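Q: Could you walk me through this model? I'd like to begin with the overall picture and then look at some of the packing.

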Amino acid sequence: MLIISINLDAQHSAKKKRNAQNNNIVALHVLQCLISLHEAIQPPKEQLPPGRELQRKDWVTLNRARANVGMTASTLHKWKLRPDSECPCGNQNQTKDHILSECTEGPHCTDQDLRDCTDAAQAWITHWREKI
Ligand SMILES: [Zn+2]
(Lines give C-alpha, C1' and ligand atoms only; values in the text may rest on other atoms or scores of the structure.)
Protein backbone atom coordinates (compact mmCIF):
# COMPACT_ATOMS: atom_id res chain seq x y z
CA MET A 1 0.00 0.00 0.00
CA LEU A 2 2.80 2.37 0.86
CA ILE A 3 4.61 1.61 -2.41
CA ILE A 4 1.50 2.47 -4.45
CA SER A 5 1.17 5.74 -2.59
CA ILE A 6 4.80 6.63 -3.28
CA ASN A 7 4.38 5.76 -6.97
CA LEU A 8 1.25 7.92 -7.17
CA ASP A 9 3.09 10.77 -5.47
CA ALA A 10 5.98 10.38 -7.92
CA GLN A 11 3.57 10.34 -10.88
CA HIS A 12 1.75 13.37 -9.48
CA SER A 13 5.07 15.23 -9.03
CA ALA A 14 6.17 14.35 -12.56
CA LYS A 15 2.82 15.54 -13.93
CA LYS A 16 3.06 18.80 -11.94
CA LYS A 17 6.61 19.30 -13.25
CA ARG A 18 5.48 18.71 -16.85
CA ASN A 19 2.55 21.12 -16.39
CA ALA A 20 4.90 23.76 -14.95
CA GLN A 21 7.29 23.31 -17.89
CA ASN A 22 4.38 23.54 -20.34
CA ASN A 23 3.11 26.68 -18.61
CA ASN A 24 6.58 28.22 -18.83
CA ILE A 25 6.76 27.39 -22.55
CA VAL A 26 3.32 28.95 -23.14
CA ALA A 27 4.25 32.05 -21.09
CA LEU A 28 7.49 32.44 -23.03
CA HIS A 29 5.65 32.06 -26.35
CA VAL A 30 3.06 34.69 -25.34
CA LEU A 31 5.86 37.04 -24.25
CA GLN A 32 7.70 36.52 -27.56
CA CYS A 33 4.48 37.25 -29.48
CA LEU A 34 3.92 40.45 -27.48
CA ILE A 35 7.51 41.53 -28.07
CA SER A 36 7.21 40.88 -31.79
CA LEU A 37 3.98 42.93 -31.90
CA HIS A 38 5.37 45.92 -30.04
CA GLU A 39 8.90 47.15 -30.74
CA ALA A 40 9.11 49.21 -27.54
CA ILE A 41 8.76 46.18 -25.22
CA GLN A 42 12.10 44.90 -23.97
CA PRO A 43 13.06 41.23 -24.26
CA PRO A 44 13.37 39.77 -20.73
CA LYS A 45 16.76 40.41 -19.08
CA GLU A 46 18.29 40.26 -15.63
CA GLN A 47 18.82 44.04 -15.52
CA LEU A 48 16.53 47.04 -15.89
CA PRO A 49 16.18 48.47 -19.42
CA PRO A 50 17.72 51.81 -20.54
CA GLY A 51 16.27 54.80 -18.73
CA ARG A 52 16.65 53.38 -15.22
CA GLU A 53 18.56 56.52 -14.21
CA LEU A 54 15.55 58.77 -14.98
CA GLN A 55 13.50 60.43 -12.25
CA ARG A 56 10.50 58.33 -11.19
CA LYS A 57 7.88 60.41 -13.09
CA ASP A 58 9.92 60.15 -16.31
CA TRP A 59 10.58 56.44 -15.73
CA VAL A 60 6.85 55.82 -15.30
CA THR A 61 5.99 57.79 -18.44
CA LEU A 62 8.66 55.93 -20.41
CA ASN A 63 7.44 52.51 -19.32
CA ARG A 64 3.77 53.36 -19.83
CA ALA A 65 4.64 54.44 -23.38
CA ARG A 66 6.72 51.31 -23.92
CA ALA A 67 3.82 49.14 -22.77
CA ASN A 68 1.26 51.21 -24.71
CA VAL A 69 -0.81 51.94 -21.60
CA GLY A 70 -0.29 55.71 -21.31
CA MET A 71 -3.27 57.76 -20.19
CA THR A 72 -3.96 59.31 -23.59
CA ALA A 73 -7.31 60.89 -24.38
CA SER A 74 -8.19 57.77 -26.35
CA THR A 75 -7.57 55.51 -23.36
CA LEU A 76 -9.38 57.81 -20.93
CA HIS A 77 -12.35 57.99 -23.32
CA LYS A 78 -12.36 54.19 -23.62
CA TRP A 79 -12.46 53.98 -19.80
CA LYS A 80 -15.34 56.52 -19.80
CA LEU A 81 -13.21 59.06 -17.91
CA ARG A 82 -13.44 61.63 -20.75
CA PRO A 83 -16.34 62.59 -23.00
CA ASP A 84 -14.18 62.37 -26.14
CA SER A 85 -10.76 61.19 -27.34
CA GLU A 86 -9.78 64.45 -29.07
CA CYS A 87 -6.20 65.68 -28.90
CA PRO A 88 -5.49 69.39 -28.20
CA CYS A 89 -4.00 69.58 -31.74
CA GLY A 90 -7.43 68.85 -33.21
CA ASN A 91 -6.90 65.18 -34.11
CA GLN A 92 -10.02 63.18 -33.29
CA ASN A 93 -8.18 60.32 -31.58
CA GLN A 94 -5.21 60.98 -29.27
CA THR A 95 -3.53 57.57 -29.22
CA LYS A 96 0.05 56.83 -28.22
CA ASP A 97 0.98 56.37 -31.88
CA HIS A 98 -0.53 59.79 -32.66
CA ILE A 99 1.46 61.64 -29.99
CA LEU A 100 4.55 59.60 -30.82
CA SER A 101 4.67 60.43 -34.53
CA GLU A 102 1.98 62.87 -35.72
CA CYS A 103 0.92 65.36 -33.07
CA THR A 104 1.83 68.99 -33.66
CA GLU A 105 1.69 69.71 -29.90
CA GLY A 106 5.01 68.06 -29.01
CA PRO A 107 8.23 66.39 -30.16
CA HIS A 108 8.22 63.01 -31.89
CA CYS A 109 10.15 59.80 -31.37
CA THR A 110 9.89 56.14 -32.34
CA ASP A 111 9.25 52.92 -30.41
CA GLN A 112 12.95 52.17 -30.88
CA ASP A 113 13.80 55.54 -29.28
CA LEU A 114 11.60 54.57 -26.30
CA ARG A 115 13.26 51.18 -26.12
CA ASP A 116 16.75 52.71 -26.13
CA CYS A 117 15.73 55.78 -24.11
CA THR A 118 17.42 58.11 -26.60
CA ASP A 119 17.59 61.91 -26.37
CA ALA A 120 14.53 62.06 -28.66
CA ALA A 121 12.62 59.79 -26.26
CA GLN A 122 13.67 61.89 -23.26
CA ALA A 123 12.50 65.09 -25.01
CA TRP A 124 9.20 63.34 -25.78
CA ILE A 125 8.86 62.20 -22.14
CA THR A 126 9.62 65.68 -20.81
CA HIS A 127 6.85 67.13 -22.98
CA TRP A 128 4.19 64.46 -22.35
CA ARG A 129 4.87 63.31 -18.76
CA GLU A 130 2.28 65.63 -17.20
CA LYS A 131 -0.23 65.15 -20.02
CA ILE A 132 -0.61 61.40 -20.41
ZN1 LIG B 1 -2.32 65.70 -31.30
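This is a predicted model: local features need pLDDT of at least 70, side-chain atom pairs count only at pLDDT 80 or more; totals for chains, interfaces and linings use all residues.

Q: What secondary structure does the protein have?

A: The protein comes to six helices and zero strands, so that, read along the sequence, its pattern is α-α-α-α-α-α.

Q: And how much of it counts as buried?

A: Of the 132 residues of the protein, 18% count as buried. As for contacts between residues at least 6 apart in sequence, 40% of them join residues at least 24 apart.

Q: Switching to packing, at what angle do H2 and H6 pack?

A: Helix H2, residues 56–67, and helix H6, residues 119–128, pack at an angle of about 105 degrees, and their axes are 10 Å apart. Because angles of 65 to 115 degrees count as roughly perpendicular, H2 and H6 are roughly perpendicular to each other.

Q: Which residues meet there?

A: From H2 there are Asp58, Thr61 and Leu62, which meet Ala121, Ile125 and Trp128 of H6. By type, the residues of this contact divide into four nonpolar, one polar and one charged.

Q: Which residues of H6 are buried?

A: The buried residues of H6 are Ala121, Trp124, Ile125 and Trp128. These residues lie on the same side of H6, because they cover an arc of only 100 degrees around the axis.

Q: What do the buried residues of H6 pack against?

A: They pack against H2, and also against helix H4 (96–101) and helix H5 (111–116).

Conventions. Residues are numbered from 1 along each chain as its sequence is written. Helices (H or I, at least four residues) and strands (E, at least two) are DSSP runs, numbered from the N terminus. A residue is buried if 20 or more other C-beta atoms lie within 10 Å of its own, exposed if 12 or fewer, and partly exposed in between; C-beta atoms are placed from the backbone. Two residues are in contact if their C-beta atoms, placed from the backbone, lie within 7 Å. Axes are lines fitted to C-alpha atoms, for helices over the stretch in contact, and angles run from 0 to 180 degrees between N-to-C directions. Angles under 35 degrees count as roughly parallel, over 145 as roughly antiparallel, 65 to 115 as roughly perpendicular and the rest as oblique. Ala, Val, Leu, Ile, Met, Phe, Trp, Tyr, Cys and Pro count as nonpolar, Asp, Glu, Lys and Arg as charged, and the others, Gly among them, as polar. The arc is that of the directions from the helix axis to the C-beta atoms.
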